[in-house]
Amino acid sequence: MKHIVVTGGSGFIGSAISKHLAGRGYRVSNIDLVHREMSGVSYIGCDIRNRDSLEALFPNDADGVIHMAAITSVLQSKKDPVGVFETNLSATSSLLEISRLRGVKTFHMASSNAVFGSILPLGRSSKDEIDIKFTEEMSLYPLTPYGATKAAAEMLGAAYNDSYGITFGSLRLTNVYGTDMGGKDSIVPRIMRSIINKTSIEIYGDGLQWRDYIFIDDVVDAFTLALEDGWNGPTIVGSGVSYSVLDLIAAVERATDHKVDFSHVESKGGEMRGVRVDISLAKGRGFNPRFSIEDGLSRVYHDFIERGIH
Ligand SMILES: NC(=O)c1ccc[n+]([C@@H]2O[C@H](COP(=O)([O-])OP(=O)(O)OC[C@H]3O[C@@H](n4cnc5c(N)ncnc54)[C@H](O)[C@@H]3O)[C@@H](O)[C@H]2O)c1
């Protein structure tokens with residue numbers, strides 16, 4: 001039975017992956033700061049920034065690592081760039097090195113479309129921006145410490161692949177939403193809470209910034225494929241369809257049969273204007289997103305109701 005170490009396995013995406021892999025017959029160890037009880041998953045309490053503890057606690061017989069632990073807030077990364085560097089980059093370097101020394105064969109990390117950053121880096125005119133789709137071949141111009149640490153971690157991983165032969169794949173995720181995300185503060189849970197609490201939400205800027213939203217089960221599928229088929233290098237993982245924030249609100253209204261009350265506030269800066277992704281590489285590797293936006297949003301809404309989240 002293969003032994004997979006998941007870092008950040010108590011979090012939104014890491015817990016879904018851990019439970020899925022345990023159900024598929026893997027031995028799963030979850031390294032996280034926060035304890036979470038999950039059937040078939042062993043918990044290892046560890047701060048991955050602490051190299052000595054990580055070395056002492058990291059299992060000796062791991063076959064693969066799925067690295068999800070990170071500071072995930074882009075705005076938080078602007079407030080504390082050094083903190084995000086320590087968690088997202090320095091700790092990734094420790095994990096790669098420990099993996100190398102322990103003979104781990106595969107290492108897959110959650111990267112982000114934030115590595116792309118500006119879509120107009122090379123003097124392209126803004127009328128072109130709407131048509132540009134991110135591909136794995138494009139150069140990276142991250143706008144925030146969060147995006148920069150993810151890009152730098154990808155570079156380190158590439159070097160470990162080439163120098164030491166460890167399979168290293170980064171999955172550049174778009175905006176992930178799904179069931180069991182009540183603890184998150186991203187746009188989809190904020191909209192759901194506003195419906196349930198009958199409050200208004202704030203939209204940054206004009207609400208026309210477009211994003212690609214991918215349902216959690218599709219992300220779990222992608223990581224499972226990456227692990228089992230040994231994906232190497234960067235792969236963009238998204239739904240392949242983008243919506244503006246105003247379109248997303250309209251989709252929530254259709255999916256839940258509730259009106260969403262919102263107001264516009266000034267943009268916080270550092271936000272990418274648009275994210276449109278080309279998922280041909282992932283599709284060529286067997287990935288096929290299964291959830292439409294309405295289906296996914298309806299599942300999230302009912303999950304919030306069933307769990308009594310508000
Ligand atoms: N959610 C998204 O939309 C999205 C999009 C792109 C990329 N990602 C990436 O996917 C990964 C998982 O995101 P998520 O939404 O599940 O985040 P999350 O915040 O729900 O989970 C992160 C987990 O990492 C743990 N963690 C943080 N710092 C740690 C440390 N120093 N030591 C040990 N554990 C630590 C946290 O306790 C938490 O359980 C992250 O790497 C994130 O950057 C997420």
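Modeller: The model is a predicted one. In it, 22 residues surround the ligand, and the closest are Gly8, Gly11, Ala70, Ala110 and Val176. Of the elements, H1 gives the most, with 3 residues. Sorted by class, the shell around the ligand comprises 11 nonpolar residues, 8 polar residues and 3 charged residues.

Helix H4, residues 81-101, packs with helix H5, residues 145-164, at an angle of about 15 degrees, and their axes are 9 Å apart. Because angles under 35 degrees count as roughly parallel, H4 is roughly parallel to H5. The crossing of the two helices, H4 and H5, is right-handed. On the H4 side, the residues of the contact are Pro81, Val84, Phe85, Asn88, Leu89, Thr92, Ser93, Leu96 and Arg100. These meet Pro145, Tyr146, Thr149, Lys150, Ala152, Ala153, Leu156, Gly157, Tyr160 and Tyr164 of H5. By class, the contact of H4 with H5 is made up of 12 nonpolar, 5 polar and 2 charged residues.

Most residues other than glycine have a negative phi. Lys198, although not a glycine, has a positive phi of about 55 degrees. Its place is the loop that runs between helix H6 (187-197) and strand S8 (200-204). Lys198 has 9 other C-beta atoms within 10 Å, and it is therefore exposed, the cut-off for that class being 12 or fewer. Asp257 is likewise not a glycine and has a positive phi, of about 65 degrees. Asp257 counts as exposed because it has 10 C-beta neighbours inside 10 Å.

Arg211 has 21 C-beta neighbours inside 10 Å and so counts as buried, since the class requires 20 or more. Leaving aside residues up to four places away in sequence, Arg211 touches Thr174, Asn175, Ser242, Tyr243 and Val275. Tyr243 is 32 residues from Arg211 along the chain, yet the C-alpha atoms of the two are separated by 5.5 Å.

His35 is found in the loop between strand S2 (27-32) and strand S3 (41-45). It counts as exposed because it has 10 C-beta neighbours inside 10 Å. Not counting residues up to four places away in sequence, His35 touches Ser10, Tyr43 and Gly45. From His35 to Thr256 the separation is 221 residues in sequence and 33 Å in space, C-alpha to C-alpha.

Asp61, finally, occupies the loop between helix H2 (51-57) and strand S4 (64-67). With 11 C-beta neighbours inside 10 Å, Asp61 counts as exposed. Asp61 and Ser200 lie 139 residues apart in sequence, and their C-alpha atoms are 50 Å apart in space.

Notes. Residues are numbered from 1 along each chain as its sequence is written. This is a predicted model: local features need pLDDT of at least 70, side-chain atom pairs count only at pLDDT 80 or more; totals for chains, interfaces and linings use all residues. A residue is near a molecule or strand if its C-beta atom, placed from the backbone, lies within 6 Å of it. Helices (H or I, at least four residues) and strands (E, at least two) are DSSP runs, numbered from the N terminus. Ala, Val, Leu, Ile, Met, Phe, Trp, Tyr, Cys and Pro count as nonpolar, Asp, Glu, Lys and Arg as charged, and the others, Gly among them, as polar. Axes are lines fitted to C-alpha atoms, for helices over the stretch in contact, and angles run from 0 to 180 degrees between N-to-C directions. Angles under 35 degrees count as roughly parallel, over 145 as roughly antiparallel, 65 to 115 as roughly perpendicular and the rest as oblique. A crossing is left-handed if the near helix is turned anticlockwise from the far one by less than a right angle, and right-handed if clockwise. Two residues are in contact if their C-beta atoms, placed from the backbone, lie within 7 Å.
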